[in-house]
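Q: I would like to learn how to read a few features from a set of coordinates. Can we take them one at a time?

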Amino acid sequence: MVELFVKSLSKSYGEVSAVKDVSFTVEDGSVMTLLGPSGCGKTTTLRCIAGLEKPESGLIKGGEKILFSSEEQKLVPAEKRSVGMVFQSYAIWPHMSVFKNIAYPLKIRKEKDSEIKSKVSKVIDMVQLEGLENRPATALSGGQQQRVAFARAIVAEPDFLLLDEPMSNLDARLRETMRHELRRLQKNLKITTLYVTHDRVEALFLSHKIGIMDKGELVQAGTPREIYSNPKNSNIATFLGQTNMMDADLVGIDGAEAKLETKMGGLFVKTSTGELSKKLTICIRPETVLITKEKAYDRNTFPGTVVSIAYFGDYSEYEVRCQDTTVKLHSSEDVKLQEHDQAWVYLPSNKITILPS
Ligand code: ATP
């Protein structure tokens, strides 16, 4: 397996600048996900890497091999790139059996029949389609079709796997099962994978690294934990899940702690930078806010009224009105509070993120 290296990639369609100066590396054997709203340039980036689109500029390398270079005027055609791809639509051939669909990339390479048989059986085992080899591809469930598409993408042992929203046609339960399957397969195969989705749960679950795209640009890249806990701006923070966002004024910095003034009152926030602007926006995820019946902490704790409680089985979501601010929080403990009760919320200083201004 090899590293996938993309530098300063740009691609336009007429007036539309679909991908703007995008750079990232997918480390050997790892999964990187491009995540972002519809139209942000995820699929175009993937198609440029697959060789299905010709970029205007940039460099794409698979290991040491140059797949595209505007500087060197080099463009390796799609069929010469060692890439397996799964599309949203699966794109499996309806007139062929499961076996023939999976064998297709090997047939094109004119491999020997005995080789084809052994390679196809191996991947059929891997994706758990045993017994369905001769079934027409049209007589398969959505999940089975997805497995066929995946098997066909990996059968020729490509350098990379490019997956474009491969689960978006599955229902919620099947999606969850396939998420686990995909992670298991990728771990076993250790194939360098670029995954495209607008589903944040899939991205957080499957990826070693996430790249957030917005309007054709890669706006932040990092591990799922880094991006979730330290989003670079409010769009990314909200795109990755619920968050409490608040305006704050900087009062002072004391070592690794900043003192802020918010509408709820004074707030201490852990910070690694000594330079902050006077007007700030902060955010804190609901699952890191605590709720208590009585005051249990000295700092960063505020009285309020419980305005709503929603029960989700493994946790409850509370909305607590603290003066003019509504704080949303998740608690898995039975805190014995009802709507309209008085309560205290606690915002741990090391869980609050100061968004760059
Ligand atoms: P989605 O999640 O909806 O698939 P995406 O993030 O994958 O979106 P792209 O499909 O890469 O986005 O599209 C990026 C931009 O380029 C969009 O504005 C889109 O309309 C435009 N675009 C994509 N393909 C073409 C094309 N063949 N011709 C013209 N414009 C295109």
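Q: Is Val86 buried or exposed?
A: The model here is a predicted one. A residue counts as buried when its relative accessible area is under 20%. Val86 has 1% relative accessibility, so Val86 is buried. The residue belongs to strand β7, which spans residues 83-86.

Q: Which residue is 63 residues apart from Val86 along the chain, and what separates their C-alpha atoms?
A: That residue is Ala149, and the two C-alpha atoms are separated by 6.0 Å.

Q: How many residues does the largest nonpolar core have, and which of them have the most contacts inside it?
A: Such a core is a set of buried nonpolar residues joined through side-chain atoms within 4.5 Å. In this model the largest one has 34 residues, and Ile102, Val120 and Phe150 have the most contacts inside it. At least two residues of this core come from each of α2, α3 (113-126), α4 (142-154), β8 (160-164) and α5 (172-189). Helix α4 gives the largest share, six residues.

Q: Which residues make the nonpolar surface patch of about 280 Å²?
A: Trp93, Tyr104 and Ile108 make this patch. Tyr104 is located in helix α2, residues 98-108. With 30% relative accessibility, Tyr104 is classed as partly exposed.

Q: How is a pair of aromatic rings described?
A: Two quantities are used, the distance of the centres and the angle of the planes. Planes under 30 degrees apart count as stacked. The count for this model is three aromatic pairs. One of the pairs is formed by Tyr297 and Tyr346, with 3.7 Å centre to centre and 5° between the planes, and this pair is stacked.

Q: Why does the pair of Tyr297 and Tyr346 tie together parts that are apart in sequence?
A: Tyr297 is in the loop between β16 (290-292) and β17 (301-311), whereas Tyr346 is in strand β20 (residues 342-346), so the parts joined by the pair are 49 residues apart in sequence.

Q: Are Tyr297 and Tyr346 buried or partly exposed?
A: Tyr297 is partly exposed, at 28% relative accessibility. Tyr346 is buried, at 18%.

Q: Where does the charged end of Arg285 sit?
A: A charge is assigned to a ring by its distance from the ring centre and its angle to the ring normal. The charged end of Arg285 is placed over the ring of Tyr228, at 4.1 Å from the ring's centre. In another case, Arg183 lies over the face of Phe205, and the distance from the ring centre is 4.1 Å.

Technical notes
Residues numbered from 1 in each chain as written. Predicted model: local features only at pLDDT ≥ 70, side-chain atom pairs only at ≥ 80, totals over all residues. Heavy atoms only, no water. Phe/Tyr/Trp six-rings, centres within 6.5 Å; stacked < 30°, edge-to-face > 60°. Helix = DSSP H or I, 4+ residues; strand = E, 2+ residues; numbered from the N terminus. Buried < 20%, exposed > 50% of the residue type's maximum accessible area, 1.4 Å probe, protein only. Lys NZ or Arg CZ within 6 Å of the ring centre and 35° of its normal. Patch = residues over 30% accessible without salt bridge, like charges linked within 9 Å, V, L, I, M, F, W, Y side chains within 5 Å. Areas by Shrake-Rupley, 256 points an atom, 1.4 Å probe, with all protein chains shown as cover. Salt bridge = Lys/Arg side-chain N within 4 Å of Asp/Glu carboxyl O.
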